[in-house]
Amino acid sequence: MRIQQAIEESIKLKQTLLEDNRFLKQVQKAIDSIIQTYRKGGKVLFCGNGGSAADAQHLAAELSGRFYYDREPLYAEALHVNTSYLTAVANDYSYEDIFARMLKASGKEGDVLVGISTSGNSKNIVKAFEIAKQKNMTTIALTGEGGGKMAELSDILLAVPSKDTPRIQESHIMIGHIICEMVETALFPKQ
């Protein structure tokens, strides 16, 4: 049955991640980087397209709102949430410029940019990563197998070893939730 097959594929991919010590170390590196950014007064910005835009917005909300428990908010934002800005820049410049242009205005040295793209080749995210590098921001890429063009522009590459978009996205949200939990716990330890 296809339902069982889809669940099995998801479990198998997550099991592969669980057994990949190199990948787990990269996730820990992402967690540590975000914690350091917040401790130094920086912020975390997210970008993605389609389902990855939804994941970017979801993870930004987990950090800026709360994850497991009530605590002070953290500055996290998805770069695509202002639809008037998004459509104006896409119309007046190009869709490739939507994240880079906002990053020029809001990104600062020491901030983190998390780009989410299953292919790793989304032109608007690649362009944003180029701007982030110019601004000495840390770049974290959540991608599928190989990392695409984002691999060479990312300080921390979290490339899920799959080419199956739904399974990659399921892994991305799991990884994002782990990052949010660990960041929250480190910055706001429960008494």
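Author: Two strands are said to pair if DSSP finds at least two bridges between them. The model discussed here is predicted.

Reader: In what order do the five strands of the open sheet lie?

Author: The five strands form an open sheet with parallel pairing. Its edge strands, each pairing on one side only, are β2 (76-78) and β5 (156-159). Read across the sheet, the order is β2-β1-β3-β4-β5.

Reader: What angle does the direction of helix α2 make with that of β5?

Author: Helix α2 (residues 21-39) packs on the sheet. It touches β1, β2, β3, β4 (138-143) and β5. The angle between its direction and that of β5 is about 135 degrees.

Reader: At what angle to β1 does helix α3 run?

Author: Helix α3 comprises residues 51-64. This helix lies across β1, β2 and β3. Relative to β1, helix α3 runs at about 160 degrees.

Reader: How many disulfides does a search of the whole structure find?

Author: A disulfide is a covalent bond between the sulfur atoms of two cysteines. The cysteine sulfur closest to that of C47 belongs to C180, and because it is 15 Å away, it is too far for a bond. For a disulfide, the two sulfur atoms must be within 2.5 Å. The number of disulfides found in the whole structure is zero.

Reader: Is C180 buried or exposed?

Author: A residue counts as buried under 20% relative accessible area. The relative accessibility of C180 is 2%, so C180 is buried.

Note on methods: Residues numbered from 1 in each chain as written. Predicted model: local features only at pLDDT ≥ 70, side-chain atom pairs only at ≥ 80, totals over all residues. Heavy atoms only, no water. Helix = DSSP H or I, 4+ residues; strand = E, 2+ residues; numbered from the N terminus. Contact = heavy atoms within 4.5 Å. Axes fitted to C-alpha atoms, helices over the stretch in contact; angles between N-to-C directions. Buried < 20%, exposed > 50% of the residue type's maximum accessible area, 1.4 Å probe, protein only.
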